[in-house]
Amino acid sequence: MSTSVHHAPPPRPAPPHILDNAAWAALTGPHAHLAQRIGGAARYPTDVSPFSALRDPADPRAWDDLATLIGPGNATPVSGARTVPGGWTVESSVDGVQLVDTALRAGPAPEAERLRPADVPEILDLIALTQPGPFLPRTIELGSYLGIRHHGRLIALAGERLHPPGWTEISAVCTHPDHRGRGLATRLVRAVAAGIRERGDTPFLHAAASNTRAIGLYESIGFTLRRRTSFLLVRAPGGQPEPRGPRNAEPKPQRAPQQGARQPEETA
């Protein structure tokens with residue numbers, strides 16, 4: 001009589017979640033019409049969004065493609081990468097968090113209006129004042145943006161940015177300093193989320209990991225921390241940077257990669 005022992009096969013690693021590389025999923029999915037792409041690297045036009053993405057941040061060939069795409073010596077923000085290959089330099093790094101909607105009470109904001117391209121100059125003024133994150137002349141093409149006005153003046157804003165299949169990122173959440181503490185940003189987040197859900201997507205967002213007050217606010221209204229991440233501003237090896245201009249302006253390092261970082265005063 002013999003006894004045999006059968007060892008269970010090792011568990012298979014879980015497949016990566018689409019939000020682990022949200023920018024790549026967006027640029028090769030719903031935002032493919034905006035994408036500039038070479039092989040394993042893609043980016044938005046520089047007047048739409050400063051962000052670039054890699055199909056596999058661990059693949060040196062994708063970094064070679066990115067260097068070709070952005071040009072020698074130029075810089076670009078990249079998410080999802082922890083290290084860079086030889087020859088690349090990290091200009092700045094920001095630790096961030098990614099939160100997803102699990103219990104948000106979404107609903108319309110009757111006082112909000114849909115913002116249009118004609119509103120972009122006013123949006124840019126509010127963004128410059130509040131600094132929620134990058135917003136450029138054509139960022140409004142990424143999705144729906146809602147605003148609240150006071151005596152005709154835009155005082156609060158929220159909208160959509162990255163759009164991986166099945167998900168939409170809430171972005172550019174900000175309120176004029178003179179009108180904070182009234183819950184305007186929270187109402188806009190709920191309204192933007194309602195539109196996202198109506199088309200069958202799930203809202204998510206990012207915030208700087210150091211901004212615990214903003215993270216606490218988002219968690220209090222129904223978002224759940226999904227993962228911690230990092231946002232790198234990287235510079236390609238070699239060459240001279242392209243001259244700066246309205247179409248190829250080099251992105252500046254951001255204090256926080258996403259919206260919400262400057263809105264801890266808002267209450268749900």
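User: How many cavities of 30 Å³ or more does the structure hold?

Analyst: This is a predicted model, in which local features need pLDDT of at least 70 and side-chain atom pairs count only at pLDDT 80 or more, while totals for chains, interfaces and linings use all residues. Residues are numbered from 1 along each chain as its sequence is written, and side-chain values use heavy atoms, with hydrogens and water left out. On a 1 Å grid over the protein atoms alone, a cavity is a set of points where a 1.4 Å probe fits but cannot get out, and lining residues have an atom within 4 Å of a point; points are joined across faces, edges and corners, and a volume is the space filled by probe spheres set on them. By this rule, the number of cavities of 30 Å³ or more is two.

User: What is the volume of the largest cavity, and which residues are closest to its centre?

Analyst: The largest cavity has a volume of about 120 Å³. It is lined by 15 residues, and those closest to its centre are Ala23, Ser79, Leu162, His206 and Phe231.

User: Which element gives the most to the lining of the largest cavity?

Analyst: Helices (H or I, at least four residues) and strands (E, at least two) are DSSP runs numbered from the N terminus. Both α1 (22–27) and β11 (223–235) supply at least two residues of this lining. With three residues, the element that gives the most is β11.

User: How many nonpolar, polar and charged residues does the lining of the largest cavity have?

Analyst: Ala, Val, Leu, Ile, Met, Phe, Trp, Tyr, Cys and Pro count as nonpolar, Asp, Glu, Lys and Arg as charged, and the others, Gly among them, as polar. Sorted in this way, the lining of the largest cavity has six nonpolar, six polar and three charged residues.

User: Is alanine 172, which has a positive phi although it is not a glycine, buried or exposed?

Analyst: Alanine 172 has a phi of about 55 degrees and is placed in strand β9 (residues 167–175). Buried means under 20% relative accessible area, exposed over 50%, and partly exposed in between (1.4 Å probe, protein chains only). Because its relative accessible area is 5%, alanine 172 is classed as buried.

User: Where does glutamine 131 lie, and what is its relative accessible area?

Analyst: Glutamine 131 also has a positive phi, of about 55 degrees, although it is not a glycine. Glutamine 131 is found in the loop between α3 (120–130) and β7 (145–150). It is partly exposed, and its relative accessible area is 46%.

User: Which residue forms a salt bridge with arginine 138?

Analyst: A salt bridge is a side-chain nitrogen of Lys or Arg within 4 Å of a carboxyl oxygen of Asp or Glu, and the count by this rule comes to 14. Arginine 138 has its closest N and O atoms 3.1 Å apart in a pair with aspartate 47. That pair links distant parts of the chain, 91 residues apart, with arginine 138 in the loop between α3 and β7 and its partner in the loop between β2 (41–43) and β3 (52–54).

User: What is the relative accessible area of glutamate 169?

Analyst: Glutamate 169 forms a salt bridge with arginine 161, with the closest N and O atoms 3.1 Å apart. Arginine 161 counts as buried at 5% relative accessibility. Glutamate 169 is buried too, and its relative accessible area is 0%.

Note on methods:
1 Å grid on protein atoms, 1.4 Å probe; cavity = no way out; pocket = protein on both sides within 12 Å on 5 of 7 lines; lining within 4 Å.
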